[in-house]
Amino acid sequence: MKAPTTLATGTDSYRNVAAIVLALAVMQTAVGALSVVGPLTLLSQGAAPLKIGAIVSSYALGFLLGARLAPGEIMQIGHIRAIAGFAAAASLGAAALYISGAMAWWMLVQFIIGVSVAGFLASGESWIADAAPSQSRGAILGFYLVTSKLGFMAGPFLVAGAPAGTATGFLIVAALLTASLIPVCATRRAEPAPPTAKPFSPFRIWNFAPSAIIAALISGIVSGAVLQLYAVFIQDFAGDSVTRTAALFNAAMIGGSVIATWPAGLLSDRIDRRMVIAGLALTSGAAALVLALFGTLLPPLAIFAIAGLWGAGALSYYGIAVAHAADRAPEGQATSMMSGILMVWGLGSMIGPLAATSVMSFVGPSGLFLFAAIALFSLTGFMLIRRTGTAPVRSEDKADFEPTATTSLAVVELTERAEDDAAWTESGEARFEDAAVRD
């Protein structure tokens, strides 16, 4: 009689995880759609690049603050109420963006949306961390991260037919944010404990892993700028359908990162991680420079291919930077270290849009990738300098690479739990094999 109960319990756990993963994927779909609708609407209203950059940075500021404060809010009201409240606030915010074109209004609403999205992600990811069966956390983490990226890829396609500046795109985003609540209703488990990770100060991480701090900061600067402003960049070669071209361009970038993340991570387990980061930054920097200089001259297929190469480099090295810091972190403090690096990335995502739009104000839309190229080439140089000045961690002392995401502190804990479970399983198998040999 116990076997069916165990099976049912396991099935129910996976059902709960699938429901929350689906909810978070729908949320990411809405965010991906908003990354096209927002900038294109502002452009249709004649907004200058700096105005768009300031508005995008206000979203990043809200996201950073939400990621930091969400655990306390979840502790006060619980996961279900937190998810419902954050989703409702984000949905209302998306609809409210159409009310006015005033810069102050957009900055306020985007800030609220950023806080709400971060809170939703923190609530959902901590739920996944608690509900995921221990023997499958690594697989579930990888599945969640891929599903999340696929959701962000799908979002722009859902608004591809919406004319820029009309209410249609905002209504689609608001509907997606509301729809993200539906899968949550399919869960059948008590709410888990809130995330507990307390971030290290960046200065403390700098003492033992300065390369990780620089890589995370530039990752936030570059990805925060490009993933929020690419719809502005594609104006010069979009043709008849700007939204459709933006959707394809975004899919190419995210698709490249999905393909490259695991191979790059596994390579970093075998050689100095800083060299892998340098190689990825150099590759993506070169791709960015080609897009900046020749984007208007190349055929669409070539542009999408180069965008995929850019995504493969620029959007896949953050996890390697986290792994590099984990290799050097004090014993038992990897989770707090990872949380601190996430805060550094969030700071970069605030700086990036403002810095990029400053360059775009002088050189036009191509300045977005010119800015990205400069930042990525700078990262390459810094990694090479650090490589010659500090010895790499020995391969046998490295922890195995695990993918991670720039979303919330809760996914940091899920990543750490997955690593702990994998280490426990490996040690258990080793003990079993030793016993078998002795036997």
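Residues are called buried when their relative accessible area is under 20%, exposed when it is over 50% and partly exposed in between, as judged with a 1.4 Å probe and the protein chains only. The structure described here is a predicted model, in which local features need pLDDT of at least 70 and side-chain atom pairs count only at pLDDT 80 or more, whereas totals for chains, interfaces and linings use all residues. Residues are numbered from 1 along each chain as its sequence is written, and side-chain values use heavy atoms, with hydrogens and water left out.

The protein contains 16 helices and 0 strands, these elements being DSSP runs numbered from the N terminus (H or I over at least four residues for helices, E over at least two for strands). When contacts (heavy atoms within 4.5 Å) between residues at least 6 apart in sequence are considered, 86% of them join residues at least 24 apart.

A search of the whole structure for salt bridges, defined as a side-chain nitrogen of Lys or Arg within 4 Å of a carboxyl oxygen of Asp or Glu, finds 2 of them. One is formed by R273 with D269, with the closest N and O atoms 3.0 Å apart, and the side chains of these two residues are also joined by a polar contact of 3.0 Å, a term that denotes a pair of N or O atoms within 3.5 Å of which, within protein, one must be able to donate a hydrogen and the other to accept it, residues adjacent in sequence counting only if both atoms are side-chain atoms. R273 lies in helix 11 (residues 273-294) and counts as buried because its relative accessibility is 1%, while D269 is buried with a relative accessible area of 14%. The other salt bridge is that of R274 with D272, again with the closest N and O atoms 3.0 Å apart, and both R274 and D272 are buried.

R273 and D327 are separated by 54 residues in sequence and, C-alpha to C-alpha, by 9.9 Å in space. D327 is among the buried residues of helix 13, an element (residues 318-328) in which 9 of the 11 residues are buried, so that the helix is largely enclosed by the rest of the structure.

For aromatic pairs, the rings of Phe, Tyr and Trp (its six-membered ring) must have centres within 6.5 Å, and planes under 30 degrees apart count as stacked, over 60 as edge-to-face and the rest as tilted; the whole structure holds 8 such pairs. The pair of Y59 and F63 is tilted, because the ring centres lie 6.3 Å apart and the planes stand at 35°. Both residues belong to helix 2 (residues 49-77), where they are 4 residues apart, about one turn of the helix; Y59 is buried at a relative accessible area of 11%, and F63 is buried at 13%. Y230 and F249, by contrast, form a stacked pair, with 6.3 Å from centre to centre and 20° between the planes. Since Y230 lies in helix 9 (residues 210-233) and F249 in helix 10 (residues 242-268), this pair ties together parts that are 19 residues apart in sequence.
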